[in-house]
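Thanks for asking me to look this one over.

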Amino acid sequence: MLDPDSGLSLTIARIVQRLKGSSLHSQLERQARVSLHKPEIKLESLKEDIKDFLKTSGWEKKLQNAVYSELNVFPSPCHPAAPAEHMKEPLAYMRKAQGSWEKRILKSLNSMCTELSIPLAQKRPVNEQKELLNKWNEMGTDEPDLSLFRPVYAPKDFLEVLMNLRNPNYENGEQPSFRNHLGLIQVPLKVKDIPELKEDFSELGLNIGQLGIDDSAQVPPEFFENEHVRVGQKVLAEQDSAAAQQYVRQGCPTALRADLWALILNISNQPEDILYYEQLKSNVIQHDLLVDSLIYKDVKLTASNDDYYFVFEDYLYQVLLCFSRDTSVLEHFTYSSATPPKSYIRGKLGIEEYAVFYPPNGVIPFHGFSMYVAPLCFLYHEPSKLYQIFREMYVRFFFRLHSISSHPSGIVSLCLLFETLLQTHLPQLFYHLREIGAQPLRISFKWMVRAFSGYLATDQLLLLWDRILGYNSLEILAVLAAAVFAFRAVNLMEVTSLAAAEAVLADLSTLKVMPLLQIFLFATVT
């Protein structure tokens, strides 16, 4: 273990190192040089005067937000002697399972390549480049033949892998123990109980005002909303990421949500960001990747058939095609249990200097991947800003939903948390569903992998994602999944098959997220 002082020193050194290479660093240097010509800057108090100038001109706040963003994204530093893979994932059996899963995905991708005789990447002919550029804003009208393409994997395939996870250091005997927990996930990870969740999500308490709840015994809803909007406007005026993150725990007013999320994620859409997006677009125009067809297929199978999201089809293609080319996404693999896949130039297999990451961002899309982007289209209509918000949401949160790790916000922990909550607080329901072959996780897994996108009504989904950003955690997904089962418990106790249980839970679009969470967390007897 690191002592607090050493940990703090390492964190500071890492943040300084990362910020030195950022555009913010060069902007701060430029502003400091500009300030030298100002009459209020005196030579005898140069350092303090420049600090005061950066504070009054708003640059200090931008630096604070950048530091806060780094602290939110990167994990606490490991001991200096710890190997690099421990930062990715401390448990060896999880790393091994993730490695095996990646091999399966690559095998599926390569076999599709061979079957269809399609290269992983090729330069587009000039006439095709012009055609794509001309229809960039209306790619949804294109109807390529995708019948031979199939998603590399679907959530149910991933669940089968998680069900077979075992810790080899743990007892493997047939003797029942408290850890032979009745659910599908059989790994001994520490997950929170209701008292701990109550403490973590204290702002969701019954006596605290929330957006997304129609009535409150304490404060009339319209009074709370008006006051909450006023405070939100003040937070935006201050441009303080930490304050914004605290604020959204009680929900975002619709009119302020886009700006508040951008503030929390430290996205400002500067000219250089727009230029970067245009470069990614240029890469899409010039080269055709096999994953492009997987993206097209996924959008056609999911968002295009969704009543809320079909209108955003063009945006989804633009964002996801650019995302697949974005090498800056590779950086998140330093703290993800996953490893980006490599491809080799033809004839040079195994020779590292001829290896490239494929796709360039290291992320192979799966069935439902486009649903991570779709809800954001309601908030952002400028493609480069929409793109940056999605990329930041992905490298902070969504990557954890499709990689095997022991992280508290990782999908394994979320599944275990969901099953533990249900088994502890609704044991009759849990046992009944298990006995009829309708293990609850088989139903809820797809909700959690997609962060409920495509299942909840959009206004409710955005209220849920407010809390993901506010608490910098995905644990609320597991709590909501358990709350949905609790809400439908009476009907579920009457079903006699998995199909019947799925029918009871087929439509979540009428559910109100915040009352469900509040009742489950704060009205459950513990």
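**Notes on the predicted model**

1. At 4% relative accessibility, Gln245 counts as buried, where buried means under 20% relative accessible area, exposed over 50%, and partly exposed in between (1.4 Å probe, protein chains only). Gln245 sits in helix H11 (residues 241-247); helices here are DSSP runs of H or I with at least four residues, strands are runs of E with at least two, and both are numbered from the N terminus. A polar atom of the Gln245 side chain lies 2.9 Å from the backbone oxygen of Leu469.

2. A word on provenance: this is a predicted model, in which local features need pLDDT of at least 70 and side-chain atom pairs count only at pLDDT 80 or more, while totals for chains, interfaces and linings use all residues. Residues are numbered from 1 along each chain as its sequence is written, and side-chain values use heavy atoms, with hydrogens and water left out.

3. On confidence, the chain has a mean pLDDT of 86, and 87% of its residues reach 70 or more; pLDDT is the predictor's confidence in each residue, from 0 to 100. Helix H1 (residues 4-20) has the lowest confidence, at a mean of 69, and helix H21 (residues 475-487) the highest, at 97. Where pLDDT is low, the predicted coordinates should not be read in detail.

4. For the overall picture, the chain holds 24 helices and four strands. Of its 526 residues, 50% count as buried. Among contacts between residues at least 6 apart in sequence, 77% join residues at least 24 apart; a contact means heavy atoms within 4.5 Å. The chain exposes about 25000 Å², with carbon and sulfur atoms supplying 55% of it; these areas come from the Shrake-Rupley method with a 1.4 Å probe, and for residues only the protein chains shown count as cover.

5. Do have a look at helix H20 (residues 458-471). Its 14 residues reach 20 Å from first C-alpha to last, close to the 20 Å expected at 1.5 Å a residue; the expected span is 1.5 Å times one less than the number of residues. H20 is mostly covered, with 13 of its 14 residues buried. Just after H20, Asn472 takes a positive phi of about 50°.

6. The aromatic residues deserve a point of their own. A search of the whole structure finds 27 aromatic pairs; rings of Phe, Tyr and Trp (its six-membered ring) pair if their centres lie within 6.5 Å, and planes under 30 degrees apart count as stacked, over 60 as edge-to-face and the rest as tilted. Tyr372 and Phe398 form a stacked pair, 4.5 Å centre to centre with 5° between the planes. Tyr372 lies in the loop between strand S4 (355-357) and helix H16 (383-396), and Phe398 in the loop between H16 and helix H17 (411-425), so the pair ties together parts that are 26 residues apart in sequence. Tyr372 is buried at a relative accessible area of 0%, and Phe398 is buried at 1%. Both belong to one aromatic cluster, whose members include Trp101, Phe323, Tyr394 and Trp465.

7. Where does Leu211 lie? Leu211 is in the loop between helix H9 (194-200) and helix H10 (221-238), and it counts as buried at 10% relative accessibility. Leaving aside neighbours within four places in sequence, its contacts include Phe224, His228, Pro253, Leu463, Arg467 and Met514. Leu211 and His228 are 17 residues apart in sequence and 8.6 Å apart in space, C-alpha to C-alpha.

8. His332, in the loop between helix H15 (313-324) and strand S3 (342-344), is buried with a relative accessible area of 3%. Beyond its neighbours within four places in sequence, His332 is in contact with Val363, Tyr394, Val395 and Phe399.

9. Finally, some backbone geometry to check. Most residues other than glycine have a negative phi, and most peptide bonds are trans. Ser117 has a positive phi near 55° and is exposed, at 64% relative accessibility. Phe452 has a positive phi near 70°, and is buried at 0% in the loop between helix H19 (440-449) and H20. A cis peptide bond joins Tyr358 and Pro359, with omega about -10°; Pro359 is in the loop between S4 and H16.

Notes: A polar contact is a pair of N or O atoms within 3.5 Å; within protein, one must be able to donate a hydrogen and the other to accept it, and residues adjacent in sequence count only if both atoms are side-chain atoms.
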